[in-house]
Amino acid sequence: MAGDGKVRDGFISKWGFILACIGSAVGMGNIWMFPQRVSRYGGGTFLIPYLIFVFLIASSGVTGEMAFGRGTRSGPMGAFKKAVESRGRNGRLGEMLGVVPVLGSLALAIGYTVVVGWIFKYTFGAFSGATLAPVSPEAFGAMFGGMAVAFGNNLWQWIAIAVTFFILIMGIGNGIERANGIMMPLFFLLFICLGVYVFFQEGAAGGYKYIFTIDPKGLRDPMTWIYAMGQSFFSLSVAGNGTLIYGSYLSDREDVLYSARNVAVFDTIASMLAALVIIPAIATTGAQLNTGGPGLMFIALPNLFKNMPGGALIVIIFFVAVTFAGISSLINLYETPIATLQERLGLSRLQACLCVACAGVIVSTCIQGIVGGWMDFVSIYVCPLGAGMAGIMFFWVFGKKYVGAELMKGRTKPLPVWIYPLSKYVYCALTVIVLLLGVVIPGGIG
């Protein structure tokens, strides 16, 4: 139930919620950043600290944001307000602080809209042949460069927004849950198919060997641990908004520790699938992966696929899978401002969706030429700040008794004794470290 007595929309099933959270976590970071970092920082050497941080953040930050949202049945503004009020203070301060993760989610969604627009164009081009039409690496770069400029991809960007908001208007159970219930299984299936294909290509064995090789010297490199921390932090989507808002739609009968564990496991599987496809595929050319980001997805990989047997089919499978990952993440990012307008202004879901969609269309269209800087600012400054504030509000302001009660909902076993101190001290400190390192290190660590 909502605080005003109205019935609050919610997820229909446990796995519907988990798949939606997996969809929010699985995104471009898994596909265009994780493989590059595995390649750059020593293959299996990078995986060790990465898995450590995934376990740490999933057990504390992801679990905490899910429970925070469910316990307060509201988005960041309402949740922060209730946390402050639990201490006998005026909740207005909490509401004001809650604006930060809401605006962060909206800003990230707007920037991500530009990227998903690129994906839509390349997916259509995969079917029409345009994606593989260039005849040289320079031509692939020129094609992408001609799109990634101011007002360079308006039509496909608007189509991406239309598809996203069609799902969002349908609501939580009938829209978000059903869409992710289709997209996420297909995403994993398509990447498994790509992995099988690459496995049989000559020269791929070198890529597999590299992925699972551990170099003890690499574990002594602080940058390996720093980038593993950043990769896991941003991949699991802890920012005080998306996971929190999805948690607000979760039934009290579900175990958030179980849900968070599954999100972490499947997000890691998605990252590993991307690495097991991309690194061995590049190894077939005798090269090593040395670029990440949009350059990898829109320039290097299409050029690679063009020269592989069956490349026309491979590029279709790849970009369809990437489309599912992009849309599922975009849905989550836009849901936080939508829910906030519903809660704070009393708008209907349709009204809230239309307001946010208008903002998304106008601003994303105008920032196409500066989207890289836009996304860097949000991810470096706003996301860790939102995650840190959510962690402090839940674990410090609400306190141990409340946190324990919320985490025990839906559980039959006692809570691990280390959950609360790990969350209160280690995780909250980690959010500060991620923020500071992101500011200090050029380009951030996400």
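Arginine 344 and glutamate 95 join their side chains in a salt bridge, with N and O 2.2 Å apart. The model is predicted. Arginine 344 is partly exposed at 32% relative accessibility. Glutamate 95 has a relative accessible area of 11% and is buried, because buried means under 20%.

The model has eight salt bridges in total. Arginine 73 pairs with aspartate 252, and their closest N and O atoms lie 3.0 Å apart. Here, too, distant parts of the chain are linked, 179 residues apart. Arginine 73 sits in the loop between helix H3 (44–72) and helix H4 (76–85). Aspartate 252 sits in the loop between helix H12 (242–247) and helix H13 (256–283). Arginine 73 is partly exposed, with 22% relative accessible area. Aspartate 252 is partly exposed as well, at 37%.

Arginine 411 forms a salt bridge with aspartate 255, again with 3.0 Å between the closest N and O atoms. The partners are 156 residues apart. Arginine 411 lies in the loop between helix H18 (400–408) and helix H19 (419–440). Aspartate 255 is in the loop between H12 and H13. Arginine 411 counts as buried at 18% relative accessibility. Aspartate 255 is buried too, at 16%.

| Arginine 73 – aspartate 252 | 3.0 Å | 179 residues |

**A nonpolar patch**

Charged pairs are one part of the picture. Nonpolar surface is another. Ile192, Val196, Phe199 and Phe200 make a nonpolar surface patch of about 440 Å². One of these residues, phenylalanine 199, is found in helix H8 (residues 172–199). Is phenylalanine 199 buried or exposed? At 51% relative accessibility, phenylalanine 199 counts as exposed, because the class begins over 50%.

Methods:
Residues numbered from 1 in each chain as written. Predicted model: local features only at pLDDT ≥ 70, side-chain atom pairs only at ≥ 80, totals over all residues. Heavy atoms only, no water. Salt bridge = Lys/Arg side-chain N within 4 Å of Asp/Glu carboxyl O. Helix = DSSP H or I, 4+ residues; strand = E, 2+ residues; numbered from the N terminus. Buried < 20%, exposed > 50% of the residue type's maximum accessible area, 1.4 Å probe, protein only. Patch = residues over 30% accessible without salt bridge, like charges linked within 9 Å, V, L, I, M, F, W, Y side chains within 5 Å. Areas by Shrake-Rupley, 256 points an atom, 1.4 Å probe, with all protein chains shown as cover.
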